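The text then turns to a pair of helices.

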Amino acid sequence: MGGNCMIHPTAIIHPHAKLGQNVEVGPFSIIDEDVVIGDHCRIESHVRIHCNTTLGQNNHIYHGAVIGIEPITTIPQTEPTYLTIGDHNVIREHVTLSRGTNKGGSNTTIGNHNLIMLYVHIGHDCIIGNHTTITGSVKIAGHVEIEDHVVIGGLTPIHQYCKIGRYAMVGGGSGISQDVVPFALVSGNPLRYLGLNVVGLRRAGLSSIERKEIKRIHSILFRQGLPLQKAVETLHELPDSEFIKHTLSFIDKSTRGLCRKSE
């Protein structure tokens with residue numbers, strides 16, 4: 001255990017857990033063996049952190065959260081599975097985060113600077129990027145991938161294996177069963193494409209030239225009535241850029257199909 005830790009006397013910490021410097025652990029929290037908690041983390045009351053969980057630095061976990069639970073699956077796990085969380089994350093009340101499965105690579109991964117609000121569930125083998133905001137009661141099934149700077153509105157279920165591209169925004173109460181391309185604004189159940197996430201792009205500091213290029217990409221994908229294969233061929237004909245490369249890479253790895261239905 002690192003120096004200057006503040007451990008409430010009712011907390012239970014396994015002797016094989018590793019705590020960094022200046023870690024706080026609140027009343028009645030339980031930390032299992034083979035848990036690593038980085039410097040300056042704050043664990044509030046009644047938190048349960050299960051085995052094979054690693055937290056980076058400066059994470060704040062609010063009361064009642066359950067971190068590193070066994071994957072919710074009927075398939076037995078014959079080898080250890082893991083949950084890895086980066087730095088500067090805020091995990092609010094009663095969040096549940098699963099470890100991975102042997103079938104899915106054995107690791108659930110959450111990046112840096114994420115805000116995960118109350119009652120969110122993140123399933124096994126998910127990959128969550130950086131600077132995401134996942135609002136209250138979002139339920140994320142296994143094997144979901146969420147890229148950087150995504151915002152997901154509350155009460156939204158996300159089907160397993162779905163992918164959500166960077167700087168996308170999902171309206172509250174939506175149902176996600178298809179992949180959401182980068183920079184998109186989507187909402188509804190069934191899900192509908194509403195246009196560019198203009199506010200998100202401006203907040204990200206993208207220039208007007210960059211936003212115009214992304215708008216052109218989306219026009220080809222969504223506004224010209226092209227079959228997806230033809231739209232992809234048209235994107236390949238455009239001058240090469242980071243935005244086109246990323247969009248084409250996202251489409252190439254899509255397994256659930258893209259959300260292309262509009263209002």
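The second largest pocket holds about 160 Å³ of space. A pocket here is an open set of points on a 1 Å grid over the protein atoms alone, where a 1.4 Å probe fits, with protein on both sides within 12 Å along at least five of seven lines. Its volume is the space filled by probe spheres set on the points. This is a predicted model, in which local features need pLDDT of at least 70, side-chain atom pairs count only at pLDDT 80 or more, and totals for linings use all residues. Residues are numbered from 1 along each chain, and side-chain values use heavy atoms, without hydrogens and water.

Lining residues have an atom within 4 Å of a point. Those of the second largest pocket include Y193, K212 and R223. Helix α2 gives the most to this lining, with 6 residues. Helices are DSSP runs of H or I with at least four residues, numbered from the N terminus.

The largest pocket has a volume of about 200 Å³. Among the residues that line the largest pocket are H131, Y167 and R203. Helix α1 (residues 198–203) contributes the most to that lining, with 3 residues.

Helix α2 (residues 208–223) also meets helix α4 (residues 242–252): their axes come within 10 Å and cross at roughly 35°. Axes are lines fitted to C-alpha atoms over the stretch in contact, and angles run from 0 to 180 degrees between N-to-C directions. The contact (heavy atoms within 4.5 Å) involves I214 and I217 of α2 and F243 and I251 of α4, among others.

Notes:
Helix = DSSP H or I, 4+ residues; strand = E, 2+ residues; numbered from the N terminus.
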